[in-house]
Structures are given as structure tokens and as C-alpha cells.
Amino acid sequence: KNEVEQSPQNLTAQEGEFITINCSYSVGISALHWLQQHPGGGIVSLFMLSSGKKKHGRLIATINIQEKHSSLHITASHPRDSAVYICAVRSIQGAQKLVFGQGTRLTINP
Amino acid sequence: EAGVTQSPTHLIKTRGQQATLRCSPISGHTSVYWYQQALGLGLQFLLWYDEGEERNRGNFPPRFSGRQFPNYSSELNVNALELEDSALYLCASSLQGGGAWSYNEQFFGPGTRLTVL
């Protein structure tokens with residue numbers, strides 16, 4: 001079993017829909033990243049969080065440390081949100097390395 | 001402020017050759033991390049350098065090696081290339097790596113796509 005599991009693996013939705021991507025992890029962590037990877041390959045860090053909730057524009061990230069679970073929400077989704085979204089955790093035992101989920105491929109149709 | 005830069009953008013090699021990938025961290029960052037994203041696989045941690053020293057290594061064979069220079073830039077070297085080394089190699093940088101309970105956010109570069117023929 002992977003240390004970081006994301007669901008769903010693939011998600012297709014219509015423009016304007018509310019999107020939720022989930023991330024569960026099995027290790028103690030000191031930080032969790034939500035990353036966005038566009039087809040060109042470059043990665044952008046959307047959020048880094050260790051507790052609570054963060055909001056940036058139409059993106060919201062939450063984390064529940066006790067349940068070892070985080071969610072990424074996108075409100076009023078747009079075709080330009082189409083990308084792979086990756087959850088990554090920095091485990092307490094991991095000496096600064098990040099452990100990544102397999103990613104969720106999101107496609108927003110106009 | 002310039003972000004993390006990587007070169008080259010694309011690299012094509014044949015099996016058995018050596019590849020050298022380069023990374024320049026954000027100014028002020030002393031830690032550099034290398035990750036591999038092979039086709040169909042998730043990102044895997046390769047190496048972490050901090051203050052010129054290798055601090056941690058992922059589950060990769062010794063033909064994957066690197067170094068960090070006094071200006072904190074870094075090289076990743078892959079010797080005796082194999083077809084399965086074809087991947088996107090991402091570099092990230094952060095402020096000093098920190099201890100077990102601290103973490104400094106990692107910022108990612110655009111990646112180098114290595115193709116082994």
C-alpha cells in the first residue's frame with residue numbers, strides 16, 4: 001500500500017462544477033503539499049499546509065491531521081484548471097524528502 | 001525573483017551513455033532536491049543536497065549520483081543509461097533543510113525531460 005493515496009485517479013467534469021480531490025496518507029507528517037502539473041510537465045505548488053484550511057482564489061485546501069486526510073476543492077471550475085493534481089507529504093521520518101501520491105488527472109470540459 | 005531553473009529542457013541519449021542535468025536554486029536557498037517522474041509512474045525522490053553535502057538518497061542505484069556546488073547549484077549525473085531512465089527529472093529548492101520537526105517549503109523547477117533511445 002502506498003504511503004499516499006489519492007482519489008479519484010481521473011475526474012472529468014463540466015465547466016462550473018465544484019471539484020473535490022482527496023488525499024489520504026498513512027504516516028505522521030509535518031507538511032502536505034498540493035501541486036499542479038500541466039501537460040508540459042512543470043510543477044507549481046498550490047498549497048503547503050500542516051493544519052486547518054487555506055484558500056487562494058477558487059482553490060481551497062483542507063487537512064485533518066487526526067484522520068490523516070486532505071482535500072483540494074476547486075469552485076466554479078474552468079477548462080484551464082485541467083491538469084494533474086498531486087498530493088505530497090513530508091513525513092516526520094522522511095528527512096525532508098517528499099512522498100507523492102499518484103496524482104489525479106482532472107479534465108474540465110467547456 | 002527568479003525561480004528554480006533547470007537545463008537542458010530536453011536531453012536525448014542512447015543506452016549506455018551518461019547524462020548530466022543541472023539545477024539552479026532560488027537565491028538564498030541552500031537545499032536542492034532531485035525527483036524522477038517516469039512515464040506512468042508518480043514522482044519518486046532521488047537525492048537531497050544541503051550545504052554541499054548529500055543528506056538523503058532515494059531507492060535508486062549508484063549510477064544515479066550528483067553533487068552540489070559552493071553556489072548551491074546542483075548536478076544530477078546518470079551513468080550507464082538504461083531505457084527505463086527515460087523520465088522527467090524535477091529539481092526543487094528550499095531554505096535550509098531543517099530538522100525532524102521543521103520543514104521549509106520546496107519550490108519546483110520546470111524539469112528536464114530525458115529520453116534514452
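**Pockets, a sheet and a buried glutamine**

In β8(A), A:Leu72 is the bridge partner of A:Ala61, where strands are DSSP runs (E, at least two residues) numbered from the N terminus. This is a predicted model, in which local features need pLDDT of at least 70 and side-chain atom pairs count only at pLDDT 80 or more, while totals for chains, interfaces and linings use all residues. Residues are numbered from 1 along each chain as its sequence is written, chains are lettered from A in the order in which they are written, and side-chain values use heavy atoms, with hydrogens and water left out.

**Sheet in chain A**

- Strand β7 (residues 59-64) of chain A runs antiparallel to strand β8 (residues 69-74) of chain A, and six bridges join them; two strands pair if DSSP finds at least two bridges between them.
- Five strands of chain A form an open sheet with antiparallel pairing, in the order β1-β3-β8-β7-β6.
- Because β1 (4-7) and β6 (52-56) of chain A stand at the edges with a single partner strand each, one side of each is left without a neighbour in the sheet.

**Largest pocket**

- The largest pocket holds about 650 Å³ of space; a pocket is an open set of points on a 1 Å grid over the protein atoms alone, where a 1.4 Å probe fits, with protein on both sides within 12 Å along at least five of seven lines, and lining residues have an atom within 4 Å of a point.
- Its lining has 30 residues, of which A:Gln37, A:Val84, A:Arg105, B:Gln37 and B:Gly40 are the closest to the centre.
- β11(A) gives the most to this lining, with four residues.
- By class, the lining of the largest pocket has 12 nonpolar, 16 polar and two charged residues, with Ala, Val, Leu, Ile, Met, Phe, Trp, Tyr, Cys and Pro counted as nonpolar, Asp, Glu, Lys and Arg as charged, and the others, Gly among them, as polar.

**Second largest pocket**

- About 280 Å³ of space lies in the second largest pocket, which is lined by 15 residues, with A:Glu3, A:Val99, B:Leu43, B:Gln44 and B:Phe45 nearest its centre.
- β10 (98-100) of chain A and β5 (43-50) of chain B each supply at least two residues of this lining.

**B:Gln6**

- B:Gln6, found in strand β1 (residues 5-7) of chain B, counts as buried because its relative accessibility is 9%, buried meaning under 20% relative accessible area with a 1.4 Å probe and protein chains only.
- The side chain of B:Gln6 reaches the backbone oxygen of B:Tyr89 at 3.0 Å, and a polar atom of that side chain lies 3.0 Å from the backbone nitrogen of B:Cys91.

Key. Points joined across faces, edges and corners; volume = space filled by probe spheres on them. Buried < 20%, exposed > 50% of the residue type's maximum accessible area, 1.4 Å probe, protein only. Polar contact = N/O pair within 3.5 Å; in protein donor to acceptor, adjacent residues only side chain to side chain.
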